[in-house]
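Trainee: Before I use any of these labels, I would like to see each one set against its definition.
Mentor: Then put the model up and ask.

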Amino acid sequence: MMNKIENPYRPIKAEIIGVITETPTIKTIRFKAKEPISFEAGQFIELTIPGIGEAPFTPSSKPAEKEVMELTVMKVGKVTEKIHELKNGDIVGVRGPFGKAYPIEKFKNKEILVVGGGCGFAPLRSLMYELFNRSGEFKKLFFRGGCKTPQELVYRTEIGDWVKRKDLDVKLTVDKSDSGWKGNVGVVTTILEDVDIDYKNAIAIVVGPPVMMKFSTKKLIEMGFKTENIYLSMEKNMSCGIGKCGHCRLGIYYVCKDGPVFSYDKIKDFSNIWE
Amino acid sequence: MQYISSSNFAKFLENLKDDYEVYIPVKKGDRYFYKKYIDFTDDIVIGEVRAFEPLKSFFFRAREIVAENFKSDIPHTSQKPYCIVGVKACDLKGFKIHDYVFKNHDFQDPFYINMRKDNLIISADCTSAIDTCFCLALNVKPYPLENFDINLSAVGEDFIVEVGSPKGKRFVEKYSSLFEEIKDKFLSQRNEQREKVTKAVEKNIKENKIPHQDLFKGIIERGYESDIWADEADKCVECGACNTICPTCHCFLLYDQKSENQMARLRIWDSCMIKDFAQVAGGANPRSELWMRLRNRFEKKFDFFPKVADIYACTGCGRCISACPAKIDIRKVLKRLVHDE
């Protein structure tokens, strides 16, 4: 029998070529797939631990980098626990990329405010690199990030570099500070208002834990952002990646194929979107 | 339309065995099950009512290997395509949902497509109804009008044959010596039969006050915050029988297995009634309560599918009513939603 359609469920073999411990619960793994995988910022992949299972992740590496992919992974379940045990040379599997990316074309000549929370920094890193890459196309870039404690702050060195960038305005906050922290203390919504931006025409991108996205979105709307200009990356139980298995339905959409990036106006009327 | 005697039909099936794995309904007690066709045994029943198991089990397997190691080929399970005989109209509607999900929905599923593309569907009129039948409420007649290759209407021991596709036509022409011209009296017999079954289903609908689907528009949105869900979910034991037995339910779980140096990815039928169905790895669960999952099941059938595919994902087959150990009755839930009770 001829099989012209590719098997969407089979992973491509990939080899681990680096493991970086970001925080006690977060690691970044680097891997090289046997077949090149190119993705756009906002899309996700399914990572297989052979024989154990797979889980969805948004790559944290540069979309332009086709040879090597990076995932920043928090230890939360069966698959992520195994990911944290990976060493150089180990074999994993990759499927994807899946879903819709950020519509960066639509952001041209606009001011962009990126709001990240906790592990939401991971998917935002790939987006930030893409935005830096094309920063001449936008009016201005802002980054507002929050996490629970300074220890949980990922990509410290890189964020240090971001602060020095002339095309980016960065501000960070922690819920609970320690003696070394010099930045703001409080949830991320407390550092949104000082952004010098034309709210009515600006783009906001919000990625983070559901409760953080909920309150940030609410705040942004209060500030004057239009619902169609607020982009959210929704986390649901994406499994097949192709809108068949039913697990990640959100209203009339499947997050895996219609998302994970949605403008808020598309999903605001569905119930329980933040849960 | 043509006519075939039951002895000639047995010969027809015998010929089809060369190209197909032929399955046919047999009666066991008061239920009907598909069985691999070997010869025309006495327990074979082409007419009467739908089989116990949903038709989807042939095309979207309850458990199948979808990937092995890192190989790019598609693992195969069946040698010959299926020919399923005696399929009822309610199950044919199930094809519409599954074709939409697996074939026409942005991405294609090679497993379903392979199973479906070369199959032969020989459907049949219902010649009786059981008390859970309510197909007419979903605009499905108890006799097939579409989505079949050949349809049979039992008249006495023999059958009226209607061709529904070029493939069906080819087979009827290929074995033309087995078929006869149809006589008018058989046609009127068929009409009487169809009317009789329609009346039986109408009686079910009337007795249970089952609303017609013309009244379904907006019932989920209107009843979203209703107490109906908690009330109806009260006795649910989360077994998932309603999902597995449903000819339209398509959700599945992917899981991986390892033995020695072999790895396999399997998919099995899943149930949206089970607690962790929508739960993410971090623990957040958009439908943590059982009543939310019951609501979700109805939302998927009566809100999602009509919005995305212009079809209600229910065929009125009544299987979920019989399967539910808690006696949760889809007809009653629909009635409560429509009348806001």
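Mentor: Two strands pair if DSSP finds at least two bridges between them. Helices (H or I, at least four residues) and strands (E, at least two) are DSSP runs, numbered from the N terminus. This is a predicted model, in which local features need pLDDT of at least 70 and side-chain atom pairs count only at pLDDT 80 or more, while totals for chains, interfaces and linings use all residues. Residues are numbered from 1 along each chain as its sequence is written, and chains are lettered from A and ligands numbered from 1 in the order in which they are written.

Trainee: What makes β10(B) and β11 of chain B a pair?
Mentor: DSSP has to find at least two bridges, and 8 join β10(B) to β11 (residues 262-269), running antiparallel. Within that pairing, Leu254(B) has Arg267(B) as its bridge partner.

Trainee: Which strands make up the open sheet, and in what order?
Mentor: The order is β4-β11-β10 in chain B, with antiparallel pairing. β4 (63-68) and β10 (252-259) each have a single partner strand, so they stand at the edges with one side lacking a neighbour in the sheet.

Trainee: Why is chain B called as compact as a globular protein of its length?
Mentor: The radius of gyration is taken over C-alpha atoms, and the globule rule is 2.2 Å times the number of residues to the power 0.38. For 341 residues the rule gives 20 Å and chain B has 21 Å, which is close, so the label holds. Chain B has 12 helices and 11 strands, and its C-alpha trace spans about 65 × 60 × 35 Å along the principal axes.

Trainee: Why does Arg297(B) count as buried?
Mentor: A residue is buried if 20 or more other C-beta atoms lie within 10 Å of its own, exposed if 12 or fewer, and partly exposed in between; C-beta atoms are placed from the backbone. Arg297(B) has 26 such neighbours, so it counts as buried. Arg297(B) sits in helix α10 of chain B. Buried residues make up 46% of the 341 in chain B.

Trainee: How many residues of chain B are in contact with chain A?
Mentor: Contact requires C-beta atoms, placed from the backbone, within 7 Å. By that test 41 residues of chain B are in contact with 39 residues of chain A. β10(B) gives the most to that side of chain B, with 6 residues.

Conventions: Contact = placed C-beta atoms within 7 Å.
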